Amino acid sequence: MRVIIERDGEAVSRRAAYFIARLIRRKPACVLGLATGSSPVGTYQELIRLHREDGLDFSRVTTFNLDEYVGLSPAHPQSYRAFMQEQLFKHVNLPPNQTHVPDGRALDFETASREYELRIRESGGIDLQLLGIGTDGHIAFNEPGSSLGSRTRLKSLTSETIRDNARFFSNPDQVPRLAITMGVGTILEARRCLLVAIGANKAQAIRETIEGPVTSQITASALQLHRDVIVVVDEEAASQLARRSYYEEVERSQQLLESGNYSALGIGGFAHDS
Ligand code: F6R
């Protein structure tokens, strides 16, 4: 797991957007897994800026969102489809038929979930999955206790998540109690996972995700089993990490490697080579 600690939320967003933009440039027909909520908003703003100012081209990109509330139509302002439309889709050249959000109106959720998984597979699988994290350590809506092998399905939200998300609704009683969500197993199949967390209220969940045991009680901890995970956090979200100085050391080495500064890493020119 690569842990990157940035000064503040803005820097987190810039860094996350950098990884996504680099993928789009290297693989224009890539498949992105996207998230909603407050965490990725800055990342989307930076991607929009890169589209407008740097010509970042979304025309061949396909997207799959993690989840959707049950009972909200795509036109409902609090639906995740509407969120994506407002925060990203309408600002970039992403063809609407290449964007996918689970259907919160489906009556047969089992079939709808199976079809969502099938569509992901048919698209070639997710290259990069962007993730936020709940204060209870959830990824997508995989609440504590979710099977770490779970697939897309219907899920009841915990009272903690309902309370956290009430800020987006004018009346807290309107927060849906159910969601259709990718499973932990679905997420772990993405080729790369990119988790962003901003703010002190995420500090405990981030510590448990990175330094705690792998447990279904903190579903984000399952990311420890994935071979390519990048976690980008701000100072506040990093504040409970015990091995912070090591993560910073690893990051310094990574930067030197990426910039080709091998001598600073002591690579090459070995004194005792013959
Ligand atoms: C949203 C999602 C959720 C959020 C999480 C954090 O698609 O999958 O797991 O990422 O609840 O939400 P925010 O970012 O609003 O704190």
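Predicted model: local features only at pLDDT ≥ 70, side-chain atom pairs only at ≥ 80, totals over all residues.
Residues are classed as buried under 20% relative accessible area, exposed over 50%, and partly exposed in between (1.4 Å probe, protein chains only). Residues are numbered from 1 along each chain as its sequence is written, and side-chain values use heavy atoms, with hydrogens and water left out.

Salt bridges, defined by a side-chain nitrogen of Lys or Arg within 4 Å of a carboxyl oxygen of Asp or Glu, number 19. One of them pairs Asp228 with Arg192, with the closest N and O atoms 3.0 Å apart. Because Asp228 lies in the loop between α7 (203-211) and β10 whereas Arg192 belongs to strand β9, this pair ties together parts 36 residues apart in sequence. Asp228 is partly exposed at 24% relative accessibility, and Arg192 is partly exposed at 21%. Helices (H or I, at least four residues) and strands (E, at least two) are DSSP runs, numbered from the N terminus.

A second bridge joins Arg15 to Glu6, with a closest N to O distance of 2.6 Å. Arg15 is buried, with a relative accessible area of 16%, and Glu6 is likewise buried at 16%. Within helix α8 (residues 244-258), Glu248 and Arg244 lie four residues apart, about one turn of the helix, and their side chains form a salt bridge of 2.9 Å, N to O. Through shared partners, salt bridges link Arg2, Glu6, Arg15, Glu251 and Glu258 into one network.

Beyond its neighbours within four places in sequence, Leu88 is in contact (heavy atoms within 4.5 Å) with Leu34, Tyr44, Leu47 and Ile48.
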